[in-house]
Amino acid sequence: MAEGDNKSANLLAQETSQLEEQLQGWGEVILAGDQVLRWEKPWYPAALVGATTILFMLIYFLDPSVLTGLSCAVMILCLADYLVPTLAPRVFGSNKWTTEQQQRFHEICGNLVKTQRRVLGWWKRLFALKEEKPKMYFLSVISSLVAVAWIGQEVHNLFLTYLIVSFLLLLPGLSQHGIITKYAGMVKREINKLLKQKEKKNE
């Protein structure tokens, strides 16, 4: 068991090191983005929501076709991939990195690798469910897709995408400041109260 844990830890460290090398040119931008996403300043959440709102308002008014939107998105990614590693050291000054910044960059890369592993694990479990319990798999997938289709029909696609993107951008800050844990605890307590009241009535 210990040997398996050591092997897994070594593999995780190796994958993290490889990702650090791949993202080295983006290091300064990633650290700056991490500070914004974790709300290190009180006005960061408003800035995130404001920037997201402006972007989606621009898309709404321009109303590009799907092909145009995809082409522009890929073009921006290609430009960023070319320009960021070149310009970032001049803007942020890579020679000013501290031990704390290097450690935080290592933690971010480690978290990205762990997230990738979780997603792959969920995907494998889904296919395992398909093989072991095909009826449950079928009902779960169909029910989920019907629910998503209904939501997509009731809510405007662009607005729904805006809500999802805004939530995902705010999620790290909500988690960092314990807001999710706080409200999840409140919901859990209210559910427990309702269950206890129902049990008393049944008695």
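**Helix packing in a predicted model**

Helices α2 and α5 are roughly perpendicular to each other, and therefore I will start with that pair. Before the details, one caution: this is a predicted model.

The angle between α2 and α5 is about 85°, and their axes are 10 Å apart. On the α2 side, the contact uses Gly27, Ile30, Leu31 and Asp34. On the α5 side, Gln101, Arg104, Phe105 and Ile108 take part. Sorted by class, the contact of α2 with α5 has 4 nonpolar, 2 polar and 2 charged residues.

Which residues make up the largest nonpolar core? There are 8 of them: Leu19, Ile30, Leu31, Trp97, Phe105, Ile108, Cys109 and Val113. Both α2 and α5, the latter covering residues 99-132, supply at least two residues each. The most comes from α5, which gives 4 residues to this core.

Take Cys109 from that list. If we leave out residues up to four places away in sequence, Cys109 touches Thr16, Leu19, Glu20 and Leu23. Leu19 is itself listed in the core.

Now back to α2, this time with α4 as the partner. Helix α2 spans residues 27-37 and helix α4 spans residues 66-92. Their axes come within 8 Å and cross at roughly 65°. Angles from 65 to 115 degrees count as roughly perpendicular, so α2 is placed roughly perpendicular to α4. From α2, the residues in contact are Glu28, Val29 and Ala32. They meet Val84, Ala88, Pro89 and Phe92 of α4. By class, the residues in the contact of α2 with α4 are 6 nonpolar, no polar and 1 charged.

Let me stay with Ala88 for a moment. Ala88 sits in helix α4. Is Ala88 buried or exposed? Ala88 has a relative accessible area of 4%, so it is buried. For a sense of distance, take Ala88 and Tyr44, which are 44 residues apart in sequence. In space, C-alpha to C-alpha, Ala88 and Tyr44 are 21 Å apart.

The next pair is α3 with α7. Helix α3 runs over residues 44-62, and helix α7 over residues 157-176. At what angle do the axes of α3 and α7 cross? They cross at roughly 155° and come within 10 Å. Angles over 145 degrees count as roughly antiparallel, so that is how α3 lies to α7. The crossing of α3 and α7 is right-handed.

The α3 side has Pro45, Leu48, Val49, Thr52, Thr53, Phe56, Ile59 and Tyr60. These meet Leu158, Thr161, Tyr162, Val165, Ser166, Leu169 and Leu170 of α7. The contact of α3 with α7 has 11 nonpolar, 4 polar and no charged residues.

Phe167 also lies in helix α7. Its relative accessibility is 46%, so Phe167 counts as partly exposed. Phe167 and Gly178 are 11 residues apart in sequence, and 15 Å apart in space from C-alpha to C-alpha.

Trp39 is in the loop between α2 and α3. Trp39 is not a glycine, yet it has a positive phi of about 60°. Asp63, in the loop between α3 and α4, is likewise not a glycine and has a positive phi of about 50°. Which of the two is buried and which is exposed? Trp39 is buried, with a relative accessible area of 14%. Asp63 is exposed, at 61%.

One more tryptophan before I stop. Trp150 belongs to helix α6, residues 134-154. At 57% relative accessibility, Trp150 counts as exposed, whereas Trp39 is buried. Trp150 and Leu37 are 113 residues apart in sequence.

Helix α3 is roughly antiparallel to α7. The largest nonpolar core has 8 residues, and α5 gives the most to it.

Definitions and conventions: Residues numbered from 1 in each chain as written. Predicted model: local features only at pLDDT ≥ 70, side-chain atom pairs only at ≥ 80, totals over all residues. Heavy atoms only, no water. Axes fitted to C-alpha atoms, helices over the stretch in contact; angles between N-to-C directions. Parallel < 35°, antiparallel > 145°, perpendicular 65-115°, else oblique. Contact = heavy atoms within 4.5 Å. Nonpolar A, V, L, I, M, F, W, Y, C, P; charged D, E, K, R; others polar. Left-handed = near helix turned anticlockwise from the far one by under 90°. Core = buried A, V, L, I, M, F, W, Y, C linked by side-chain atoms within 4.5 Å. Buried < 20%, exposed > 50% of the residue type's maximum accessible area, 1.4 Å probe, protein only.
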